[in-house]
Protein chains: 2
Amino acid sequence: MQFELTKEFISELQECLNSNLKADLLNEVNQLHPADIADICDELETEEVVLLYQCLDDEVAADVLIELEEDVREKLLRTLSPKEIAENFIDNMDSDDAADIMAELSDDKKDQVISAITDADLASDIVDLLHYPEDSAGGLMAKELIRVRINWTLIQCLREMRKQAEDIEDVYTIYVVDKENKLIGTLSLKQLLLAPSGATVKDLYFDEVRSVKAYEEADEIASIMEKYDLVVLPVVDELNRLIGRITIDDIVDVIKEEAEKDYQMASGISESVDSTDSVRVLTRARLPWLLIGLLGGIFGALVINQYEDTLQIYPEMALFIPLIAAMGGNVGVQSSAIIVQGLANNSLGFDNLFQRLGKELLVALVNGLVCSMLILIYTMIYKDNNALAGTVSVALVLVIAFAGLFGTFVPLMLDKYKIDPALATGPFITTMNDIVGLFIYFGIGHLMYIWL
Amino acid sequence: MQFELTKEFISELQECLNSNLKADLLNEVNQLHPADIADICDELETEEVVLLYQCLDDEVAADVLIELEEDVREKLLRTLSPKEIAENFIDNMDSDDAADIMAELSDDKKDQVISAITDADLASDIVDLLHYPEDSAGGLMAKELIRVRINWTLIQCLREMRKQAEDIEDVYTIYVVDKENKLIGTLSLKQLLLAPSGATVKDLYFDEVRSVKAYEEADEIASIMEKYDLVVLPVVDELNRLIGRITIDDIVDVIKEEAEKDYQMASGISESVDSTDSVRVLTRARLPWLLIGLLGGIFGALVINQYEDTLQIYPEMALFIPLIAAMGGNVGVQSSAIIVQGLANNSLGFDNLFQRLGKELLVALVNGLVCSMLILIYTMIYKDNNALAGTVSVALVLVIAFAGLFGTFVPLMLDKYKIDPALATGPFITTMNDIVGLFIYFGIGHLMYIWL
């Protein structure tokens, strides 16, 4: 039951596949959960995946296909004809999964697969679903659901449900509609099961139902399902007609992806990668942000160059360049992360921009003064140079204050103009703060040495 | 139905509460979803929350309590006697929510509340649940579930379910146990509903069931439920006896919290905060990492100080200090983030430490050489100083390679010794890389100027 993927298992399986032996091991694989089989496939070469697929039952093969990593699936589908894809896979899938797979195909192949689908209802459902953007309610929903009419008796319900429920693994909720298919309520299986036999839907149903429109965005849906602890959410069109339902498993994926995307942005990784990706993919994801950092470093050099005279006379200033840069970067990342997370969770509260900046300034000043006092004491004791001590400590307070304000301001502005605020975290904000921090530091140093 | 919280709504409500008017507005609030009422409470002062609570129905009040922010709940509970807490709230809760709330009380108050609970079964369930660590299966599970015996007929099932199901809002799955309460399978409501009337549990039940032990950790449970698309997971003891079930809504919270914790760690924030927290809380969360950065900056100054002679003779070296520091920091954060995310998702694959470091070295060398070529060209053109150009470009490759290896190595080691690998991201890794980067840079500079 509980399967653990090991390196040994994979090599044994590979041997078995490559030697063309239909051994017990393949039967064993067929018995595993599709998610486990998908994990296995992710570790195999494409030709091996193709071989393994030939040993899987059709129903299992379809379920596994959905769970595969996108690049493994793409390679596998490339080896199959449209007819095979339609008959072996799509015909055995729920409409939402089928549409997701179809969306990954080329336009040409997509059309060919659709015409090869034998179940006409499914084909029409898939065509419907393909109209919606991938990360909208329509793109996430499945068409399969149980619907009953408000004027039905329970006996009628059960009879209809026998027809409708066949293809639906997890029912969760029965949707109550009027004769125009407008969603007016829900009924739980429990209620149905425990109701007296003469009852009608009208007696039992719950007339408050939370739904979303087809064009609602995925992150909004995730926050609704999370907030109200829903496992399933009906989707309606502009006229409140029931057109589908979204289940929590798809939303868990959305929540995970959103969080990972923000994390990767903050870490300076520009596309979704993991450590098993190729060197080429990993480099492509990481190099762009490093080039931004490089450009920032060059600007930093230009700033210092401006103050070459100051540095010639007071070379000790060079000592604290890394400190100033690091503190600006750290504070900027902290303050932008708090805003980005607040935006993602809708938990920013009601403060306006100026209240928010005011609060951040307060936090930054407290942090800045603490750090500044410590560095002042350190430099006065160990360097015995009051001008340097004054420069470093004053610059540090200002750099921390600026970095805090900038880190708060930028993601709020990006969000206002519908740009992903997570862009503002990580390398971008550290680079900007490095440059401005150096300006502040050398500017103050320059003034100090003029005055003192 | 769809409620939107506005600043105007809050001020109107506050006015209404403080003027002691039991206006329509309060009735309206009572009709809202508990999660919405909780959002409202999070915006009110403690005295106002207490006033609002007096206007809520008991059942609603209990549901709202669970959804409150922890600090708001703590303040509210402090104003109530153990008897009030038990009778108004705990008695109306599921065992898992009740135990979560109890776990937040002082030991003294906890005992008093437990003895004031009127429902003896619930009290005993809560005492049971309080034995488990908060982030284990036992700490997450609810005791309420539907269990049927394998030898029962469907009629018996329905009769028993009528008794058991009363308190359970969402049934999802019926658990099939033997006479020793050992979990042997599941039955869906759909099957029960659509089965012929003479059937027994034995004819219908599904004999494969995925379960977790009571001491399984929350993140492991989250990855199981996510991987296998489960909405509910049974919990068993060492003898496979059914003791509870975990529902997906609690796991969604775990997934969110894990992701946010990693994000905050990477951003240098040491505890869970959001922008509405007080300046004191925000400062406390941010200052520790800034002090690490400060210490790093001081070490950086010491390193540069070591090479004061070199810097005196070749002051241009100061220009590229920010560049070296920034690149080391960025690369370190990138590589550690990839490892941390891989560990969190169990997606690291089978490479051993040396293969992993080898791959990272390759990525780092490609990135390093690209960046290094660019900076070489820049410095040769604009600074016309071959020694400087050589120093910067050679140092950059080495710094990027070191930062990549270090960023890969540290989280893997932390994880091996059961320390949260996310500690290695953010300020810690940037600070370490700053210091080592400066050593490399000035070390090479020193050699270059000796040789050339």
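User: What order do the strands of the open sheet in chain B have?
Analyst: The order is E1-E2-E3 in chain B, three strands with mixed pairing. Strands here are DSSP runs of at least two residues, helices (H or I) need at least four, and both are numbered from the N terminus. Two strands pair if DSSP finds at least two bridges between them. Before we go on: this is a predicted model, where local features need pLDDT of at least 70 and side-chain atom pairs count only at pLDDT 80 or more, while totals for chains, interfaces and linings use all residues. Residues are numbered from 1 along each chain as its sequence is written, and chains are lettered from A and ligands numbered from 1 in the order in which they are written.

User: Back to the sheet, which strands stand at the edges?
Analyst: Strand E1 (146-149) and E3 of chain B do; each has a single partner strand, so one side of each is left without a neighbour in the sheet.

User: And how do E1(B) and E2(B) run, parallel or antiparallel?
Analyst: E1(B) and E2(B) run parallel, joined by four bridges. In that pair, Val148(B) sits opposite Val176(B) of E2(B).

User: What about E2 and E3 of chain B, how many bridges there?
Analyst: Five, between E2 (residues 173-177) and E3 (residues 183-188) of chain B, and these two run antiparallel. Thr173(B) faces Ser188(B) in E3(B).

User: Which residue takes a positive phi in the hairpin of E2(B) and E3(B)?
Analyst: Asn181(B), with phi near 70°; that hairpin has five residues between the strands.

User: Switching topic: how many residues of chain B are in contact with chain A?
Analyst: 96 residues of chain B, against 96 of chain A. Contact here means that C-beta atoms, placed from the backbone, lie within 7 Å.

User: Which helix gives the most to that side of chain B?
Analyst: Helix H17 (residues 279-306) of chain B, with 16 residues.

User: How are the two copies related?
Analyst: Chain B can be laid on chain A by a turn of 180° and a shift of 0.0 Å along the axis, with an RMSD of 0.0 Å. The copies are thus related as by a two-fold rotation axis. The superposition is by least squares on the C-alpha atoms of residues with pLDDT of at least 70 in both. Both copies use the same surface, with 100% of the contact residues of chain B recurring in chain A.

User: Last one, what are the domains of chain A?
Analyst: Domain 1 (7-136), domain 2 (147-247) and domain 3 (279-451), with bounds from an automatic or database domain assignment. The C-alpha centres of domains 1 and 2 of chain A are 30 Å apart.

How values were computed: Two residues are in contact if their C-beta atoms, placed from the backbone, lie within 7 Å.
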